[in-house]
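Here is my note for your review. Please read the points against the model shown below.

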Amino acid sequence: MTWTATHFQYSTYHCNAPMEIRAYRETDLMDIVKLFHDTVHKINIRDYSAEQVNAWATGRVDMDAWNRSLLQHHTFIATDGCDVLGFGDIDHSGYLDRLYVHHACQRQGIATALCHKLESSVDTDKIIVHASITARPFFEKRGYKIIREQSVDRCGISLKNYVMELSRSCSESR
């Protein structure tokens, strides 16, 4: 099944209710995909061109592939009980794959809470993330170090990001 950006309307997020971090459920998938698309187009546009964000979040998502990936990883959802405010996932090796917070809920500690939960869910000596230009300062504040800058291709368009690593001693992991 493929999701397309033309098939939904965004709800209004107020982010006033208490936040809960919980495990991903398959019923969260549509909200996650909407949030991903919206965040890239409304937040990451500050650091990337329209052409780049359109290539990154095309408006078409293979829902089955995303669901499989989210189920295979440690995936957590930030919710206010009604709406998905953010989500993130990390695999068993410590690769932090996705971390997105709804555009109307930025700078409220949601990414911090999700990232803490993700980092705590794996027992590894290091965590790796491929951070966008936008996310780089967030990860640097958490102690991640840049390993290298890289250029990734999305639909024939080049996007800059950073391979970053958080080194942890055995006592710090999980």
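1. Helix α4 spans residues 110-120, and its buried residues are Ile110, Ala111, Leu114, Cys115, Leu118 and Glu119. These six lie on the same side of α4, because they cover an arc of only 150° around the axis. The arc is taken from the directions that run from the helix axis to the C-beta atoms. An α-helix has 3.6 residues a turn, so residues three or four places apart point the same way. Buried means under 20% relative accessible area, exposed over 50%, and partly exposed in between (1.4 Å probe, protein chains only). Helices (H or I, at least four residues) and strands (E, at least two) are DSSP runs, numbered from the N terminus.

2. On provenance: this is a predicted model, in which local features need pLDDT of at least 70 and side-chain atom pairs count only at pLDDT 80 or more, while totals for chains, interfaces and linings use all residues. Residues are numbered from 1 along each chain as its sequence is written, and side-chain values use heavy atoms, with hydrogens and water left out.

3. Glu119 deserves a look. This α4 residue has a relative accessible area of 8%, so Glu119 counts as buried. What does its side chain meet? A polar contact of 2.6 Å joins the side chains of Glu119 and Arg142. Such a contact is a pair of N or O atoms within 3.5 Å; within protein, one must be able to donate a hydrogen and the other to accept it, and residues adjacent in sequence count only if both atoms are side-chain atoms.

4. Leaving aside residues up to four places away in sequence, Glu119 touches Ile127, Arg142, Tyr144, Leu166 and Arg168. Contact means heavy atoms within 4.5 Å. Gly94 is 25 residues from Glu119 in sequence, with 7.8 Å between their C-alpha atoms.

5. Now the whole chain. It has 5 helices and 9 strands, in the order β-β-α-α-β-α-β-β-β-α-β-α-β-β. Of its 174 residues, 48% count as buried. Among contacts between residues at least 6 apart in sequence, 68% join residues at least 24 apart.6. Strand β6 (residues 95-101) gives the most to the lining of the largest pocket, with 7 residues.
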